[in-house]
Each structure stands twice: as structure tokens, then as C-alpha cells.
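Trainee: I would like to learn to read packing and pairing in a two-chain model. Please take me through it step by step.

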Protein chains: 2
Amino acid sequence: MINYSDILREHHLKATPQRLAIAEALHIKGHINIETLYEIMLKNFNSISLATIYKNINLMLENSFIQEVKIPNAKSVYELTKETHSHLSCEECGDIEDVYVESSDIIYSVSKKSDFEIKDMELVFLGLCKDCQKVD
Amino acid sequence: MINYSDILREHHLKATPQRLAIAEALHIKGHINIETLYEIMLKNFNSISLATIYKNINLMLENSFIQEVKIPNAKSVYELTKETHSHLSCEECGDIEDVYVESSDIIYSVSKKSDFEIKDMELVFLGLCKDCQKVD
DNA sequence: CTGACTGCAAACGTTTTGCACGGTA
DNA sequence: TACCGTGCAAAACGTTTGCAGTCAG
């Protein structure tokens, strides 16, 4: 189990028990929405407030400790900041997985045909995860 | 000016003046969020209700007359349904433009390295539009 | 003419804020 | 110890709903 105390402090965030638990939940689950995170946190802190969740998520976003992922037809999820990557979203069960896509070629080709100076891209693939393929 | 009456009816939506105005606003602006759409609509209908906007946007989404685009760090915007395309988002002024990217190669390569059966992808480029490049 | 649409007001769910207390550094 | 974080309650915000009157087909 990774110790997130130092990593939190590197991001200018005090290492409180609640924040450590959020970090651990994100580490284990990969991608979580607010509602699910609150449910998980309630198991560890019987009286944690939703306000605390929101305040911490917002601070963690501002300090780049975590990132938001907007998924079509679903609630936003949050993940620990790591190397640039894209996402696979299962339209059946909602599962979200990471996938690494080489973006430089895509960005280069779009830069050529647009007026934009492109800095980054967000890419989400929609489909069916392994388990849900069998069901359908 | 395109007449959207028939197109609305093809999507099983009655052609009311409010809906025609929404269609026209989307046609002219390309991409609009709810707040901006409401402001535009108020110029044509001095007593239009936000509830009407929401009801129509939701019906238009259900009937695929329009589509939602989720942009990182911004409100969702809506656009008339058209051929598959991606988006350029200006992080400075919020301008959004369409761009056409060949997706089959990308989807094929990701399909090979993931367990997912991929049906579609959403791609948003973040950067600076032509005007905002000069300012910075 | 009839079912669908509109506008209003109220309800709802989600997110933010203010404040007193408690805990980290 | 000083300041930041927490939990609670209330407020703010965006969106949805129910209803009575109106309109498109």
C-alpha cells in the first residue's frame, strides 16, 4: 500500500486521515464518482460530511493531485494524476479503464488542418468491456 | 436560412416557434450551453421559461436532433446532430470549433491492445484559437 | 379537436458556504 | 500554538416536475 502522506504534502495538502482515505480509494478503484466515493468513505468515517468530500476533491483538483474525467452519458469520475492517458468506458456497466494512446501524431495532423495551437487532447472510447460483451 | 420544421418533425418533434428558435440558434452559433441559449431565446420570447429550454433540450437529445458535447473545464454545450466529428476547445475564450479526424485507425489500434469492443470515440483538443494565440 | 407544448411555481438533487470545533505541522 | 481541515446546517445553484392554459397537426 502506497503511503500518500508525502505525496499529498508535495501537492500542498495536509495529510489528514480523510484525505489519505480518498487517495487510497482512488488508488484502489482507479476511477470514482462523488457518490461512490462518499459511500466508500462512510465505511471508514461514520460521520464524514459530503461537504468535506467536495472541499477535498476541489482542493485536490486545484493542486493537480487528482484529475476529473468527463464521460459521455455518465457522471464525472476522478482519478489520481498520472502520466497522460485515455479512457475506455463501458456503456453497459459503467466500468472505466485506462488505455495509452500515442497522441503526438493525432495532434500534429489536426494542428496542420486547424487554426488552433493544440496543447492537449482528451480521448474517451465508448463500447463494451470484456464481461459485458458476453452478456449481449 | 434553413427551415427546420420538417427536420424537427422527422425527429418526432412538433415544430413550435420555441423549437425552431432553438434550432436556429444552434445552427448559427454552432455550440451553445444552456445559459447562453436561454439568453438568446429571451431576445425572441420575452417570457420563455428555462423549464421549456430544458424540456426541449432533453427531448431533442432523446430524438437525436441534437447532441451534447462535454468539454473539460467548461459547461456542456449542445450542437445539431451531423456527421461524426471531433472538437477544438479554446482554453482562453471558450470558443469551440469542429474538426474532422479519421477515427477508424485509432479505434483499430486501441481495439487490438484492449479487451473492449469499441463502438465510438469522443475526442476533444484543448488549446488556443487563432485570436487567442496573438494575445498570449 | 386532441394530445402535445408552454410558462409558472414549487420541488428536487447536487454543490457550496459559514461557522464552531478539532487536529496537523 | 496557529492555522488549516472537519462536520453540521443552511444556502445557493442547476435541473426537473406538476399543473392549467394554449397551440400544432
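Mentor: Start with pairing: two strands pair if DSSP finds at least two bridges between them. Strands themselves are DSSP runs of E with at least two residues, helices are runs of H or I with at least four residues, and both are numbered from the N terminus. By that reading, β5(A) and β5(B) pair in the antiparallel sense over 11 bridges. One example is Val124(A), which stands opposite Glu122(B) in β5(B).

Trainee: What should I know about the model and its numbering?

Mentor: This is a predicted model, where local features need pLDDT of at least 70, side-chain atom pairs count only at pLDDT 80 or more, and totals for chains, interfaces and linings use all residues. Residues are numbered from 1 along each chain as its sequence is written, chains are lettered from A and ligands numbered from 1 in the order in which they are written, and side-chain values use heavy atoms, with hydrogens and water left out.

Trainee: How many helices and strands does chain A have?

Mentor: Chain A has 6 helices and 5 strands. Along the sequence their pattern is α-α-α-α-β-β-β-β-α-β-α. The C-alpha trace of chain A spans about 50 × 40 × 25 Å along its principal axes.

Trainee: Which rotation superposes chain A on chain B?

Mentor: Copies are superposed by least squares on the C-alpha atoms of residues with pLDDT of at least 70 in both. Here a rotation of 179 degrees does it, with 0.0 Å of shift along its axis and an RMSD of 0.1 Å. The two copies are thus related as by a two-fold rotation axis. In chain A, the C-alpha nearest that axis belongs to Leu123(A), at 2.3 Å. Contact means heavy atoms within 4.5 Å. The same surface serves both copies, as 100% of the contact residues of chain A recur in chain B.

Trainee: What is the strand order of the open sheet?

Mentor: The general idea comes first. Strands of a sheet pair through backbone hydrogen bonds, either parallel or antiparallel. In this model, 6 strands form an open sheet with mixed pairing, in the order β4(A)-β3(A)-β5(A)-β5(B)-β3(B)-β4(B). β4 (96-99) of chain A and β4 (96-99) of chain B stand at the edges, each with a single partner strand, so one side of each is left without a neighbour in the sheet. Axes are lines fitted to C-alpha atoms, for helices over the stretch in contact, and angles run from 0 to 180 degrees between N-to-C directions. With direction ignored, neighbouring strands of this sheet are turned by 25 degrees against each other on average.

Trainee: Which strands does α5 of chain A lie across?

Mentor: Helix α5 (residues 104-113) of chain A lies across β5 (117-128) of chain A together with β3, β4 and β5 (117-128) of chain B. Its direction is at about 120 degrees to β5(A).

Trainee: How do I describe two packed helices?

Mentor: Two packed helices are described by the angle between their axes and the distance between the axes. Take α3(B), residues 34-44, and α4(B): they pack at about 120 degrees, with axes 10 Å apart. Angles under 35 degrees count as roughly parallel, over 145 as roughly antiparallel, 65 to 115 as roughly perpendicular and the rest as oblique. α3(B) and α4(B) are therefore oblique to each other.

Trainee: Which residues of α3(B) and α4(B) make the contact?

Mentor: From α3(B) come Ile34(B), Leu37(B), Tyr38(B) and Met41(B), and from α4(B) come Leu50(B), Ile53(B), Tyr54(B) and Ile57(B). Ala, Val, Leu, Ile, Met, Phe, Trp, Tyr, Cys and Pro count as nonpolar, Asp, Glu, Lys and Arg as charged, and the others, Gly among them, as polar. The contact of α3(B) with α4(B) thus divides into 8 nonpolar, no polar and no charged residues.

Trainee: At what angle do α2(B) and α4(B) cross?

Mentor: The axes of α2(B) (residues 17-29) and α4(B) (residues 50-62) come within 11 Å and cross at roughly 70 degrees. They are therefore roughly perpendicular to each other. Gln18(B), Arg19(B) and Ile22(B) in α2(B) meet Thr52(B), Asn56(B), Leu59(B) and Met60(B) in α4(B). Those contact residues divide into 3 nonpolar, 3 polar and 1 charged.
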